[in-house]
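Please look at the sequence and the 3D structure shown below.

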Amino acid sequence: MIGYAAGLAKTGLLPFVYSITPFVTLRCLEQIKIDLCYNQANVVIVGVGGGFAYGPNGPTHHGIDDIGVLSCLPQLTIWTPSDPYEVRLCVQATTSLESPAYLRLGRNKEPHIFDSLNESPDISHPAMVREGSDGVIITSGFILHEVLKAVELLKQHNIHPAVVRLTTLRPFPAEYIRLMIANSNQIMTVEEHVATGGLGQETARIVAEACAGTRFSMLAIATEFPDACYDRESLLARSGLDADSIAASYLKLLAQKHRGYA
Amino acid sequence: MIASQNNQASTNEFLLELRRDIIMMAANSSHVAVALSCIDILAALYIEVLNITPLTVDAPERDRFILSKGHGCMALYAVLARMGFIERTLLNSYGHNGSVLAEHPLAGKLAGVECATGSLGHGLAIGAGMASGLKLQGVSARVFVLLGDGECNEGSVWEAAALSRARNLDNLVAVVDVNGLQACGPSKDISPGMGLADCWKSFGWDISEVDGHDYRELVKILGHAAGNGLPKVILCQTIKGKGVDFMEGDLEWHYRPVRGDDRDKALRRLKGA
């Protein structure tokens, strides 16, 4: 399938390859690496059901390791839109692609977030979705909705973190994150993905390199297979990624005392 | 003669019960028609062919079964429950939070499920490895792998097919549920010109064909070991959604859950009403 799309692309077409996330990423990883990335074939890989969207279907259908694995590959743009509006913007952006891309979708009925904004978000650049004065939560993809719910919960504690969403995850907007560290004492990342190779690890590296004493916390999915059948909502809760858990983790981060440098 | 008629009647009743279980399970999930197309094959295997019981699920000499088309798992769960491998009440939890009955078989959670499946094209290679491993250890057990005809579009199926022939795995049986209808349309439209029988033949397999809803024929052909040094494939001609007329051959029921009026109607149609 990927090789075929590469061939189509080599004739000047822009193919879209679509399937459930794992079947269009991990299953055909080497084809993506060689046929698309190395051979420079502009193909858009579209994975439906990123994260835990296919919950009760079990681990064969979960898409929680796609970004980490694909991030090892040079040349590949990775988009993780946060709502249906951003999906449309990503699809529009495919017309100016100069390399292959991966578009990570939810499953359906993801809530609209950006439709209510006056300005059209720029997907190529991180965006401040909520202004705030108590640190920053950085997130990516449809889990943004849970983060916004968590921010509402935090308001009740008079805590007002800013929320930043990344739609283009690769190439990673390192400069933007560096600036953010300079202006913030605490940062938390939230992703519907395992920690390895994801948003949090990438951010953590920049935090560590900055040596600015920023409090940092990373919320991600544990690297393990679930013990039973669960829907997305339950899997998020079990992973500490529902709104309640996100809010609780943020409070914990704020309560952390600086140990300083010995 | 009378005895065998009674036998036939009780088999039919049993198959009906299995279909009823499947319909009850399908309230919130896809793939009801998939399970209905392969249920007779699974029943024939577990009732009369496989050398495995709830007491021998870990016995080294047991026959192995792999549901490579993991999305047909409602059929497997129904059979495992009726045969005493799992509690029948467990079926009520299918697809629910905390249940071990996920919408594709989980790994290591159920007696009688040898491996997790759900991503197509994995089962035959695992089955070939098992068949080879058994042979190497002098165990005469057989390995059965149930594939879909749509699944045969996966290239990995044919890599395993070639290897199995090269290793003379005559203890390996591939059973193909040829319902002619895959996730996105009829197989004849998706892969026109691909003759499944010719494919398996050209890979050097012993091939036979059977009506996949004729229980007696299934038992006969599944139970017959080729013994000719060749891996064996049985192409079972089936009808997707078999047993519920309004589901038969209708792609909609690859996806649509069975609820409310649909469920009542389906249960009535099973009884021939």
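Chain A is assigned two domains, domain 1 (2–104) and domain 2 (123–255), with bounds that come from an automatic or database domain assignment. The model is predicted, so local features need pLDDT of at least 70 and side-chain atom pairs count only at pLDDT 80 or more, while totals for chains, interfaces and linings use all residues; side-chain values use heavy atoms, with hydrogens and water left out. Residues are numbered from 1 along each chain as its sequence is written, and chains are lettered from A and ligands numbered from 1 in the order in which they are written.

**Between the two domains of chain A**

- The C-alpha centres of domain 1 and domain 2 of chain A are 23 Å apart.
- Domain 1 of chain A brings 28 residues to the contact and domain 2 of chain A brings 26 residues, where contact means heavy atoms within 4.5 Å.
- Together the two domains of chain A bury about 2100 Å², with 66% of it on carbon and sulfur atoms. Buried area is the accessible area (1.4 Å probe) that two parts lose on being put together, summed over both.
- On the side of domain 1 of chain A, A:Phe52, A:Ile64 and A:Ser82 supply 29% of the area buried against domain 2 of chain A, more than any other three residues.
- The interface of these domains of chain A has one salt bridge, defined as a side-chain nitrogen of Lys or Arg within 4 Å of a carboxyl oxygen of Asp or Glu.
- A:Glu86 and A:Arg165 are joined by a salt bridge between their side chains, at 2.4 Å from N to O.
- Domain 1 and domain 2 of chain A also have 16 residue pairs in polar contact (both at pLDDT 80 or more). A polar contact is a pair of N or O atoms within 3.5 Å; within protein, one must be able to donate a hydrogen and the other to accept it, and residues adjacent in sequence count only if both atoms are side-chain atoms.

**Between chain A and chain B**

- Chain A gives 14 residues to the contact and chain B gives 19 residues.
- About 1200 Å² is buried between chain A and chain B, 48% of it on carbon and sulfur atoms.
- A:Arg27, A:Asn57 and A:Cys229 account for 42% of the area that chain A buries against chain B, more than any other three residues.
- A:Arg27 also forms a salt bridge with B:Glu154, with the closest N and O atoms 3.0 Å apart.
- There are 14 residue pairs in polar contact across the interface of chain A and chain B (both at pLDDT 80 or more).

**Pocket and cavity**

- A cavity is a set of points, on a 1 Å grid over the protein atoms alone, where a 1.4 Å probe fits but cannot get out; a pocket is an open set with protein on both sides within 12 Å along at least five of seven lines, and lining residues have an atom within 4 Å of a point.
- The second largest pocket holds about 700 Å³ of space, a volume being the space filled by probe spheres set on the points, which are joined across faces, edges and corners.
- Its lining has 28 residues, and A:Pro59, A:Thr60, A:His62, A:Asp65 and A:Phe225 lie nearest the centre of the second largest pocket.
- The second largest pocket lies between domain 1 (2–104) and domain 2 (123–255) of chain A, because both give residues to its lining.
- The largest cavity has about 90 Å³ of space and is lined by 13 residues, including A:Gly50 and A:Arg104.
- The largest cavity also lies between domain 1 (2–104) and domain 2 (123–255) of chain A, because both contribute residues to its lining.
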